[in-house]
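Reader: I am new to this structure. Can you take me through it in short steps?

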Amino acid sequence: MLTMCQSLLPQKGESMRAGWVIILTSIFVLNTPLLQSVVADDEPDPASEERAKELIQGKLNRLHKRLEKQDELRTISPTKKSRGLGFESVDQLGKARPDTRGRFRVYYVGLDNLRAYDEGDDPWRLLERTNTFIYPVVAPATDKPEEQVRSAAVVDVELDEKNSEVNQQISMLGVDDTLPIHALVEARRSLMTELHTDKCRCFVIAIPALGTGFLGTRTAESFQIKVIKQGPGKLKKDALLPAKVVFDELAREAKKSKYDTPEEPGIRSLR
């Protein structure tokens with residue numbers, strides 16, 4: 001089942017909160033990949049990455065062919081549809097490709113675990129690794145040859161009992177507040193600058209109960225988090241903080257009664 005982001009736009013006045021809920025909803029509702037006890041993120045499997053590349057590229061090619069045909073028939077507005085996917089035109093959609101090297105794995109943090117977290121605990125133990133990945137989709141700009149991030153695809157990987165890959169499927173394709181790919185890519189670029197590195201194995205930390213998400217990076221020496229949007233306390237937008245500082249703030253926030261029954265906007269549209 002493929003869900004276009006265009007059909008998942010939050011109602012006017014809603015914040016990016018819906019986006020993180022929808023990304024995680026795609027994990028549980030659309031495909032339900034296994035949640036795993038967290039370990040240091042492994043190196044991408046070249047064979048798996050190639051399958052993801054072929055899967056996304058095939059979908060983009062089919063969309064382009066369909067919209068190109070509709071343009072010839074003038075039955076609908078294909079340009080409007082391509083813009084809903086993040087592209088300026090049908091022609092630009094035809095030049096799009098997935099950036100497999102720029103993928104983000106999604107990690108999940110549950111409300112109960114967050115509430116049980118105490119200052120001084122190891123925040124890495126809160127994270128559960130999912131088999132869901134966000135891939136940027138790039139294409140040349142209309143007036144420039146350089147490729148730019150235009151859209152994104154969420155790919156769910158299904159594993160068997162032996163953790164061997166058995167299937168991949170695209171659960172979301174597009175760009176808007178429900179899939180903030182531009183914010184993620186910009187946060188990674190900023191993080192790499194601050195860490196003085198040209199290579200960063202970043203991952204998304206999604207906390208649907210609080211309607212928020214972050215960009216994380218972990219080495220043998222440290223676990224740091226880039227704040228993507230304004231949060232409680234010390235969690236200022238664009239701040240790079242030790243994970244313990246971030247989760248101390250989030251744990252205090254999670255204990256508030258307003259999160260006892262977290263809303264999940266957009267869940268009906270995914271079923």
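Author: First, a term. Contact means heavy atoms within 4.5 Å. Note too that this is a predicted model.

Reader: Leaving aside neighbours within four places in sequence, which residues is Ile207 in contact with?

Author: Neighbours within four places in sequence are set aside here. What remains for Ile207 is Val109, Leu114, Thr212, Phe214, Phe247 and Leu250.

Reader: Which residues touch the most other members of the largest nonpolar core?

Author: In soluble globular proteins, nonpolar side chains tend to be buried together. The largest nonpolar core here has 27 residues. Those touching the most other members are Leu114, Leu127, Ile205, Ile207, Phe214, Phe247 and Leu250.

Reader: Which element gives the largest share of this core?

Author: Elements giving two or more residues to the core are helix 5 (111-116), strand 8 (203-207), strand 10 and helix 7. The largest share is 6 residues. That share comes from helix 7.

Reader: What distance separates the end C-alpha atoms of helix 6?

Author: Helix 6 has 14 residues. At 1.5 Å a residue, they should span 20 Å. The model agrees, with the end C-alpha atoms apart by 20 Å.

Reader: Within what arc do the buried residues of helix 6 fall?

Author: The buried residues in helix 6 are Ile181, Leu184, Val185, Ala187, Arg188, Leu191 and Met192. Look down the axis of helix 6: these buried residues line one face, because they fall within an arc of 160°.

Reader: How far apart are the closest N and O atoms of Glu186 and Arg189?

Author: Side chains of opposite charge can pair when their charged atoms come close. Glu186 and Arg189 both lie in helix 6 (residues 181-194), 3 residues apart, about one turn of the helix. A salt bridge needs such atoms within 4 Å. Glu186 and Arg189 form one, with the closest N and O atoms apart by 2.6 Å.

Reader: Are Glu186 and Arg189 buried, exposed or partly exposed?

Author: Buried means under 20% relative accessible area, and exposed means over 50%. Glu186 is at 43%. Arg189 is at 46%. With these values, Glu186 and Arg189 are both partly exposed.

Reader: How many residues apart in sequence are the parts that Lys226 and Glu194 tie together?

Author: The side chains of Lys226 and Glu194 meet in a salt bridge, 2.3 Å from N to O. Lys226 lies in strand 10 (residues 223-227) and Glu194 in helix 6, so the pair ties together parts whose separation in sequence is 32 residues.

Reader: What kind of aromatic pair do Tyr107 and Trp124 form?

Author: There are 7 aromatic pairs. The ring centres of Tyr107 and Trp124 are 6.0 Å apart, and their planes are at 45°, so this pair is tilted.

Reader: Which residues do ring pairs link into a cluster with Tyr107 and Trp124?

Author: Tyr107 is buried at 0%, and Trp124 is buried at 6%. Phe203 and Phe223 form a tilted pair, 6.2 Å centre to centre. Phe203 is in strand 8 and Phe223 in strand 10, 20 residues apart. Ring pairs link Tyr107 and Trp124 into a cluster with Phe203 and Phe223.

Conventions
Residues numbered from 1 in each chain as written. Predicted model: local features only at pLDDT ≥ 70, side-chain atom pairs only at ≥ 80, totals over all residues. Heavy atoms only, no water. Helix = DSSP H or I, 4+ residues; strand = E, 2+ residues; numbered from the N terminus. Buried < 20%, exposed > 50% of the residue type's maximum accessible area, 1.4 Å probe, protein only. Core = buried A, V, L, I, M, F, W, Y, C linked by side-chain atoms within 4.5 Å. Expected span 1.5 Å × (residues − 1). Arc of directions from axis to C-beta. Phe/Tyr/Trp six-rings, centres within 6.5 Å; stacked < 30°, edge-to-face > 60°.
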